[in-house]
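Please look over the sequence and the model shown below before reading on. The report that follows goes through a few places in the structure, one at a time.

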Amino acid sequence: MKTIKYLFILTLICFFVQSCEELLEKTPLDIISDDVVFNDVTLANSYLANCYGLIKGPSTFQPLSSDEILNDESLLSGEGSTPHTWTNEWNNNYLFGALNNTGGLKEYWGYDLVRKCNFFIESMAASTLDESVKKELSGQMRMIRAVTYFEMVKRYGGIPLITKAQSVTDPESELFAKRNKEQEIYDFIGSEVDAVLDDLPVGNVNRFTKYGALALKSRAMLYAGSIAKYGTVQLDGVVGIPSNLANAYFQASYDASKQIIPNADGGSGGATFSLYKEKIVPGDLDSYAKNYNALFVTEKNCESIFEVDYIKIIHGNVAGFGSIGAGTMIDPAVDFVNAYEMADGSSGVIDFTTAASDNVPSLFVNKDPRFRGSILVQGDLWNGKTIGCQMYIIKENGEKVGVDGEYYTGLNGFTILTKGAYRAWTGFMTKKMTHENGRDDGASPFGADDDVPCLYFRLGEIYLNCAEAAQELGNSSEALKYVNLIRERAGIFLLSSVDMAKVKQERRIELALGEAHRWWDLRRWRDAAKSIAEGGLNGFIKKAEVYYDFRDHKYHFNYANAEPYARVFKEANYYLPIAVWKINNNPNLVQNPGY
Amino acid sequence: MKKKLKRNQFPDFVRGLSKVTCIMKLTLFLILLNVCVAFSSTYSQQTKFTLSGDNVSIRDVLANVESKSEFRFFFNSALVDLDQRVSYRIEEGTILELLDQILQKNGIQYEVKDRTIILSPKSSDEPGIAAQQQSSVSGKVTDSSGSPLPGVTVVIKGTTQGTITDPQGNYTLPNAPGNATLQFSFVGMKTQEIAISGKTAIDVMMVDETVGIEEVVAVGYGTQKKANLIGSVVEVKSDKLVNIPSANVTSLLAGKLPGIVSRQLSGEPGADAANISIRGFGNALTIVDGVERNYNQIDPNEIESISVLKDASAAIYGARAGNGVILVTTKRGSSGKPVINFSFNNGWQSSTRMPRYVNSGEFAESYNDALRNSGSPLQFTDYQIKAYKYVSGDKSVTFTDAERAQFEGEKANYVNTDWVDVVFRPAAPMQQYNLSSSGGSEKIKYFISLGYLDQNSVLRSGGDRLRKYSCRSNIDAQITKNLSIGLDVSGRLELLDYPQCDIGQIWNNFMSDPPTNAVGPNPNFASGMGQGAADPDICGTRKTKTTDLSGSISINYSVPFIKGLSAKARLDYLTVPVFQKNFFKAYDIYSYNPVTDTYTYRFAGASSTTSLTQTWTQPVTMVSKLFLNYEHVFGKHSVKALVVGEFTDFNSNTFSAYRTDFYTTAIEQLFAGSSTGQTCTGTESADGRISYAGRFNYEYSNKYLLETTFRYDASPRFARDVRWGFFPSVMAGWRLSEENFIKNNLQFVNNLKLRVSYGQAGVDNIASYNYMTGYQYSGGFVDNSELQLGLTSKGLANLSTTWEKHITYNAGIDFGLLNDMLYGAFDVFYKERSGILTTRSGSLPSTFGANLPSENLNSANYRGFEFQLGYRDKIREIEYSIDGNIAWNRGKYGHVEESDFSGSDQYTRLRYQNSGQWISRYFGLEDAGLFQSQAEIDAWPVIQDNNNNTTLRPGDVKYLDFDGDNKITDLDYHVIGKGDIPEITYGLNISGKWKEFDLSMLWQGATNYSVIEPGMRPYQFTPSTMSAVQLDYWTPENTDARYPRIGISGFNNNKYSSTFWLIDAYYVRLKNIQLGYSLPKLLYKRIGVSELRLYVSAVNLLTISNVKHSDPEVQSWTGDYIFFPQQKTISLGINISF
């Protein structure tokens, strides 16, 4: 008995061995503490890396491509049997003109990233790292912040400019900030670029280098200039920029562009960049087309100034306009197809109501090589597959048939699927930003698993920025020079003179499909509210569905409205609405006019 | 921080070691105890004993025998004189020899029945007392089953005169006055009084005493007599749990307990647990034998009871108990003859509701309608539609001669595949076995159980399967007079196999259309994504192996010097490692042409590459507890006190590895994948808890009841300063039925009790480590062709984050009338919930830019009632009982951190403001039917599409304008329904028994919730989910349609949430019906079987609801039908007891 008693007491003691407080000394096992991060260059770089990954646009490709369907270039293709509806933002808020103060269209309120930047910049100031390291890291972060403000100002106009990581205890006047003037935001972007220019790293196009910063300035100042020239000042300058400032902004853009452009082409950028011409064989139009296509799928090519790369294993299915099922992501509209000139300078407009051929590519063979580098048509060969995208056939007896997977053999012995294996809702598919050697997954020739880079800034754009700024400043010969440098590389006849319309046309073609320029350009030029025929966005975009007719053994086009409803771009849409929940949070945020 | 981690590494190891040694010591100790016990417990009936005594009373001798053996004596002291003194001497003799010595010559005879020895006066010792004018009364006493009942005391009321029934249950009272009343009494049975009224033969059937009043209910850290319970506690006992064959425990609770809100969202094996909440609150704390853990997969046969603590009675669990507590207690042995139970049932499950998809004819016709409405070229010609209708069995089709000839030639091209039938089968088997044994002696008691369950699913591929092996051994041993120990060990192996694709993928990937052939004779070609997705041979497997191991040791010591004081220590260790293996097989989808026997590639299946992910998780919990218990009765004052210290340590490790690019899909092992692209990762987490709790009960005269509890709880999830919380509760009760004014005036009231309670508790499984800032890996970018990992802040810290506080007020009344023939309970509660975590983002400007830490800012309140009413009676040989319950609860937002809407117009406030509003609301537009003509659209004053109604067509939904601006905008959305959690739940149990037959029924239901009908997309033509009910769409010919016109991707106007789709739902479900038949005992008694019952049982046999097209318990706000259908199960079973 005694032994048992002692054992019992011992047991009780055992229970007490577990020290109480130790049980509560638990911490999460997967976090790194504050003080370490900003004094360790590796960790600080990781913080920066997180922010690079969050930059609007390139972090995933999809927002970029949603620009394409908002403009007059294309509509969104779909997987399976129905055209894809690109979320409600496209359908409800824009196409039907229903965009209202609840927002939803291309919303970007990047203040969480702004805060991360501000916090990093403040923490770097107090860091024990080398001054030079601190400057380099902070400089990049200031560029990330600037590009974030640019993404916001081009949507909403003036927005609160917040340059410190706020604390909840800050005075209400700071917390509940008013919207700055649109001009102040553009000025901030410009001055930030100037301030950090010499601190930035060199040579790495995945990070903001001096040239990346200048490219941002080149683009942003051009936007500011156009808004000053074509827009109207409203809400005391919260939106709109006084027109007398236009030339100063064009000049700033021009100067920034010139600092990037290589010496050989009249700039002061040394020989850091050059237009990509690797695949060009002079005189061979096909090689120009191949070259243009290669420009967008070749990582870190000589033209790239700032780009976002992808690694397939990590990012999974990230592709430019690669496959979704049996088609490409967006299908170019007829108006856009017709906008491409012929290489020899004649008009590129094709009448699709009458056009017919048993070899469709032959209809486009002499077009601007950039067309062949960007767009696929019925009968094209891509990745070893012939693109069959007829939507239906017409039998000898006039019967119209279009059934998935069903073949028809005509009296001429020709066998064809009544509905093509690939989907081309407009009659055209996108080749730009798909990789010719993309992985053939058996289903699609479009390379579902491509890791196509996103060229955020490239030299080609800078030439066109420079040309536009020069043209706006009245220096037409300088503009002609840079437009022609682009056309020369494209493999198309050179112009003898330029005007704004020609500068705009060149931008439309060179920076088309996936580079996310057109919609923003039409807005800053204040062209968007015009009709499609006048170069705006109002009206119907057109399709030219392909079908095979066994009565004359040719492919024909069904030229018609591509969408059931007209697209609407209202005057008010030059600025997107400040969503009502933001105003509810902060009544100091005045709403944009017209909402 | 870095430093700290380093410093901790060594102590961690040492601490671990000290724990190990502690366990080792305990184990050794227990082994020793077991050995001791084994020696002292070999008593059996055959044991001879040696006893002697001089001049002692017979009473003392018998007491001595009782204390040394299992024998128990029954006697009526009025009839047998046990105060006679005897001397006796037995050496190595049996009990019979002893009894002969002490009783024979003292005029007492005895009868041994099992271990019961009945003493009665010798009949020869009845000299002629029959002198008075009295008649003899005799008769037979039986129990409710008709078996003779020996040892029943029969007394003439008001005298000491009486007798005891003999082994055959017969009695004779030779001289009973004709006007007297006989009193029959027996332990455990109701005493009966019968007036003689001149009769000479009176047979009596004794009825088991309703034990309800003395029933004991599990409460926090102990038990309480049901009669004296003052918290709102409901309990379900094992017999009510095992009578429904079910693979999981949660689905057994629906309808049985008032205040339990249950929703079962899926019928898939392994995923068919019901979401259980108490009074509609969030997840309740679940405690199994004193340890927080999941109870769902425990074999129901192992469970003794499940109690639900709904009010302040839960407060003793402190910071975790805000949403109530569910206590599961497993079975333990009791002394007595060993009982062996075997149960088996074999069931067939089938789907309660399965959508019927369109056939080929309907498909072709509606596809064309949709294409026409969307302005696209038609897909099918009239002839094709006819042909498809023909193959779909539509006999009304008439072909022209030419068409007939054409059709004969290409017959094989027209098929009608029922994809639901291809993928699902009508029924799937389920089997359950359980073998358990319990029993023991005074010293050692045991309960041992072994169970096996095999549940297949209605997927035709047999791809879903759950197998469960469980065992449990609960042992109690009395070591010495004051020391007892308990050793519980349980284990469960659960194998859950699924096809790689989940049920949503299976539904959504039905190969688009019925005109497509199902898989041809070559199994290498998967036809139909649904078919491939449902078949693990094609798409791969998801396998989960869960090994649940737990053990506990408890030691109970009654302190000998202070009566009523005991101490208890208990150590629990449990680990539930989960091993998951996800094998994705690459596969392609082909279409099959039976004429040419060819396969045509269509597209890639759900995965285009073969890959394998293995994940292993091992959570380990260790809980130690110390109890001090005191119970004492001082006259009319009864006092109970309890103090507990509880210490919890938790740690979990996860490790996972991945490889892809397998050379073959035949080898499902990591080594067979390519090392390029392989990844592995792992994490660890830790948690702990220290709690001190106590309870004090005071009862005066069994009438006035008072209970108060406290808990002092700490969790490392919160900052040091706000880590400890104090949670008190107080409950009071008054048993009116014990008062004389009731006892004397209202004798039919046998139980009447008023209860009130107040308690504080918390919910702390929120925002762990919110008080710490820090950085974790997240995102990043490709820097010079290499991934640069990103680092992101966890967000701002909030040092004062702490648990939610819940204060519950409860008042209730329990009553029982006519000896509990009619009984019931009514509870009403109000709960205030505060400190709900939220961020200030609602009130901070959106330009602030940070994830503010969550703070304890929001509040809400809930109210409701539960009512239970039961009635039981017996009409001749039919015993029956009816027990119904109904509960209502509803929550309202208190303060909600949100924008200030006070300045906005009433519509904006109505639409957005939550503070002060009911929680369960559903917003939408109010419809006014469908537009029937273009003229009607033109005349409609409300602009619905922001485009002057130009996009509207006849057959579109017409909406009423709510805010009066003649435009449909966001502000027209107003409350049109309730949320998806039912506010009212009810249940009805009916059971009856007639001779060997028993029948029970459980009805269960709910109402006051909203459902979007019919869980599909009736406004668009989706080939894979076009169901037959959707065919009632608007066309110019079908203007009286239920659904709007159909389109390829639908028309936006018809997609808004509105009253057009919403159903204010209810359902009533026959959750279970069971018919049992117990074979007459005579048939099998000889082979040692004490009970043999056969039954047939059905689960979910019948559902009545206004939700017609999907199961009323599932909810799909998105309109997708992605659920595994609920199952109804019909099973045959057998229970055998030895």
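## A lysine in a loop of chain A

With a relative accessibility of 29%, Lys300(A) counts as partly exposed, a class that lies between buried (under 20% relative accessible area) and exposed (over 50%), worked out with a 1.4 Å probe on protein chains only. Lys300(A) sits in the loop between α13 (285–295) and β2 (304–308) of chain A, where helices (H or I, at least four residues) and strands (E, at least two) are DSSP runs numbered from the N terminus. Its phi is near 50 degrees, which is a positive value in a residue other than glycine.

## How the model is described

This is a predicted model, in which local features need pLDDT of at least 70 and side-chain atom pairs count only at pLDDT 80 or more, while totals for chains, interfaces and linings use all residues. Residues are numbered from 1 along each chain as its sequence is written, chains are lettered from A and ligands numbered from 1 in the order in which they are written, and side-chain values use heavy atoms, with hydrogens and water left out.

## Chain A as a whole

Chain A has 21 helices and 17 strands, and 62% of its 595 residues count as buried. Among the contacts in chain A with a separation of 6 or more, 71% come from residues 24 or more positions apart, where contact means heavy atoms within 4.5 Å.

## Helices packed in chain A

Two packed helices are described by the angle between their axes and the distance between the axes. In chain A, the axes of helix α4 (residues 41–54) and helix α7 (residues 111–125) come within 10 Å and cross at roughly 155 degrees; such axes are lines fitted to C-alpha atoms, for helices over the stretch in contact, and angles run from 0 to 180 degrees between N-to-C directions. That makes α4(A) roughly antiparallel to α7(A), since angles over 145 degrees count as roughly antiparallel, under 35 as roughly parallel, 65 to 115 as roughly perpendicular and the rest as oblique. The residues of this contact between α4(A) and α7(A) divide into 8 nonpolar, 1 polar and 1 charged, where Ala, Val, Leu, Ile, Met, Phe, Trp, Tyr, Cys and Pro count as nonpolar, Asp, Glu, Lys and Arg as charged, and the others, Gly among them, as polar.

Helix α7(A) also packs with helix α8 (residues 131–156) of chain A, at an angle of about 160 degrees and with the axes 9 Å apart. The helices α7(A) and α8(A) are therefore roughly antiparallel to each other, and the residues of their contact divide into 13 nonpolar, 3 polar and 4 charged.

## Two buried loop residues in chain B

Ser251(B) lies in the loop between α4 (238–241) and β16 (260–264) of chain B, and it is buried, with a relative accessible area of 13%. Its side chain is joined to that of Asn248(B) by a polar contact of 2.9 Å, a term for a pair of N or O atoms within 3.5 Å; within protein, one must be able to donate a hydrogen and the other to accept it, and residues adjacent in sequence count only if both atoms are side-chain atoms. Leaving aside neighbours within four places in sequence, the residues in contact with Ser251(B) include Gln264(B), Asp272(B) and Lys1071(B).

Arg279(B) is placed in the loop between β17 (274–278) and β18 (285–288) of chain B. Arg279(B) is buried, at a relative accessible area of 1%, and its phi is near 55 degrees, a positive value in a residue other than glycine.
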